[in-house]
Amino acid sequence: ILYLVVCCCWLSGLPPARMGFSASALPPTKKNKYRHHPNILMIVVDDLGSHDLGIHGSGIQTPHADALAQIGMYLDQYYVLPYCSPTRSALMSGKYPLHTGVHNVIAPTSAAGLPLRDETLANLLKRGGYHTTNAIGKWHIGHSHWEQTPTFRGFDEFFGFYFGAEDYFSHIHGGGYDLRHDQSPNCGRGCSMVVDKRGNYSSPVFARETIRMMNDYVKATADNATAGPLFQYLAFQAVHCPNQVPTEYIDRYENHTEWNDQRKIYAGMLTAADDAIGQVVNAYKEAGLWQDTLVIFTTDNGGPTTIGCATGASNYPKRGGKCTLWEGGTTGDGFLSGPALSRLNVPGGARFPHLFHVVDWFPTIADWIGVVPVHQDELDGQSQVESLRRQGAPPARTELFIGFVEQEGIERNHWFGPSLRHLNWKVVQGDYAGPDEFNPHPKGTPFPMPGGLTNVSYLLFDLDQDPQEGVNLATEYPDVLQDMIYKLKLYQQSYVPPQINDGSDCPFDGFVNSSMGPTWEPWCDSTTQDVAIG
């Protein structure tokens with residue numbers, strides 16, 4: 001079983017007219033390198049600070065995640081995107097926002113989303129022989145059309161919420177209820193059920209639903225020796241704002257007098273999520289699945305420390321946080337774990353020193369299960385299989401595109417970037433990489449600027465010598481800077497602009513009425529056009 005824990009068009013340009021992913025005329029499946037595929041549990045922790053798991057000496061109790069990290073392969077240079085929707089789209093597609101148009105947080109009344117032509121990780125795994133694919137928790141990569149929702153994107157069943165942030169107990173977002181159970185593939189209007197979990201904290205709810213679906217899989221395959229494995233995508237709401245957790249979790253930290261109340265609540269939220277992870281792992285063991293399980297753990301961005309709905313997270317000693325291009329916003333915890341590591345020839349109790357980007361999960365998993373991605377030549381991700389298996393193997397990548405970030409402002413929104421990393425060097429186009437503790441309100445541009453401009457300022461950092469990004473070396477290393485600017489120009493050639501995110505392309509027509517009161521539900525019926533690009 002593979003556990004992936006996570007905290008979110010292409011080189012060919014704009015996405016084509018709307019059409020769902022099709023399984024016809026697909027690339028051939030390669031001969032499997034391994035006798036059996038592992039089960040996969042993918043866990044995403046939302047807005048996790050990179051200094052907050054207990055393994056970092058934070059003082060926060062996360063024994064279950066810590067144990068998984070310690071017996072697994074921890075990724076020392078793990079990159080994500082600056083906020084949720086871009087990271088989740090990248091994880092599901094193996095593509096940068098540069099090529100999907102998902103550059104920013106998808107707004108509640110927006111019709112934006114991961115383009116329907118893109119094969120998702122769930123689609124890939126179904127082609128690879130996986131019997132059951134489940135999604136639990138947060139989605140947030142498209143919700144205006146039913147075709148954007150999980151059971152239309154390769155998942156057999158979904159329990160969770162379509163949007164980004166909501167109340168942990170009432171499950172209300174922006175005046176509407178958002179918690180539902182999509183029970184079967186292509187489960188849209190008339191099938192998708194609103195579920196009443198009012199008063200129930202989301203982390204244990206999602207753990208229970210994960211366990212229920214896992215047990216359903218065990219029952220369904222009990223008499224089928226040839227049944228394929230299980231894939232579960234468990235995307236926690238925690239530890240995203242609002243800062244909410246049952247009181248007993250806050251009480252665990254009453255002796256931390258050096259912490260403010262916000263930090264104590266945040267610590268309680270993270271411990272509650274960790275308890276949920278422990279419940280799921282124990283259930284896998286009790287069901288006899290654990291020995292065939294691979295766990296992948298990921299955050300979706302750095303912790304929000306100054307903006308982006310700050311929660312009490314810490315990215316120490318990195319600069320910046322969520323909604324910025326600083327390392328504190330674009331790096332975080334990621335690791336592989338579980339008994340199936342040995343079957344994949346990945347050493348446990350080790351650290352991976354090379355660059356690894358969230359887009360790399362897609363081709364890496366494809367390589368493990370022997371399936372050629374539909375759009376193989378369009379993927380930004382690199383398979384990390386050989387680098388993970390062999391100590392001393394050359395890195396799969398020496399460069400990654402960090403991208404753009406948008407920050408809401410009082411008078412207008414501000415864009416920063418683009419940015420990229422090559423070897424030890426990092427470049428940011430512009431005067432600043434987004435808000436941080438030194439400048440909480442820097443001015444960006446009103447829209448993303450083309451990469452590689454010659455009449456603008458640049459930041460250049462040597463991350464080997466200066467991981468806190470304190471010394472701009474742009475004037476000291478002009479040749480390096482010019483090389484980095486040229487690379488930005490190359491990426492710009494395949495740039496897809498941000499999708500329309502204000503809902504103007506398919507105006508929201510109001511909540512539906514359910515037994516929960518006003519309720520969010522997809523409102524766009526037309527499937528003749530793909531999500532619009534601004």
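**Exercise 1. How much space lies in the largest pocket?**

Solution. This is a predicted model, where local features need pLDDT of at least 70, side-chain atom pairs count only at pLDDT 80 or more, and totals for chains, interfaces and linings use all residues. Residues are numbered from 1 along each chain as its sequence is written, and side-chain values use heavy atoms, with hydrogens and water left out.

Step 1. Take the term. On a 1 Å grid over the protein atoms alone, a pocket is an open set of points with protein on both sides within 12 Å along at least five of seven lines; a cavity is a set where a 1.4 Å probe fits but cannot get out; lining residues have an atom within 4 Å of a point.

Step 2. Read the volume, the space filled by probe spheres set on the points, which are joined across faces, edges and corners. The largest pocket holds about 640 Å³.

Step 3. Look at the lining. It has 26 residues, and Tyr-83, Val-105, Ile-106, Ala-107 and Glu-408 are the closest to the centre of the pocket.

Step 4. Sort the lining by class (Ala, Val, Leu, Ile, Met, Phe, Trp, Tyr, Cys and Pro are nonpolar; Asp, Glu, Lys and Arg are charged; the others, Gly among them, are polar). The lining of the largest pocket divides into eleven nonpolar, ten polar and five charged residues.

**Exercise 2. Find which strand gives the most to the lining of the second largest pocket.**

Solution. Step 1. This pocket has about 460 Å³ of space.

Step 1. Its lining counts 23 residues; Asp-76, Lys-318, Glu-327, Thr-331 and Pro-467 lie nearest its centre.

Step 2. Assign elements. Helices (H or I, at least four residues) and strands (E, at least two) are DSSP runs, numbered from the N terminus. Strand β3 (residues 73-79) gives the most, with six residues.

Step 3. By class, the lining of the second largest pocket has eight nonpolar, eight polar and seven charged residues.

**Exercise 3. Describe the lining of the largest cavity.**

Solution. Step 1. The largest cavity has about 40 Å³ of space.

Step 1. Leu-81, Pro-97, Leu-98, His-103, Phe-401, Ile-402, Gly-403 and Phe-404 line the largest cavity.

Step 2. β14 gives the most, with four.

Step 3. Six lining residues of the largest cavity are nonpolar, two are polar and none is charged.

**Exercise 4. At what angle do helices α1 and α7 pack?**

Solution. Step 1. Helix α1 (residues 63-71) and helix α7 (residues 261-286) pack at about 60 degrees, with axes 7 Å apart.

Step 1. Name the arrangement (under 35 degrees roughly parallel, over 145 roughly antiparallel, 65 to 115 roughly perpendicular, the rest oblique). So α1 is oblique to α7.

Step 2. List the contacts (heavy atoms within 4.5 Å). Pro-63, His-64, Ala-65 and Leu-68 of α1 meet Asp-274, Asp-275, Ile-277, Gly-278 and Val-281 of α7. This contact has five nonpolar, two polar and two charged residues.

**Exercise 5. Locate the cis peptide bonds at Val-239 and Pro-418.**

Solution. Step 1. A cis bond joins Ala-238 to Val-239, with omega about 10 degrees. Val-239 lies in the loop between β10 (230-235) and α6 (247-251).

Step 1. Another cis bond joins Gly-417 to Pro-418, also with omega about 10 degrees. Pro-418 is in strand β15 (residues 414-422).

Key. Axes are lines fitted to C-alpha atoms, for helices over the stretch in contact, and angles run from 0 to 180 degrees between N-to-C directions.
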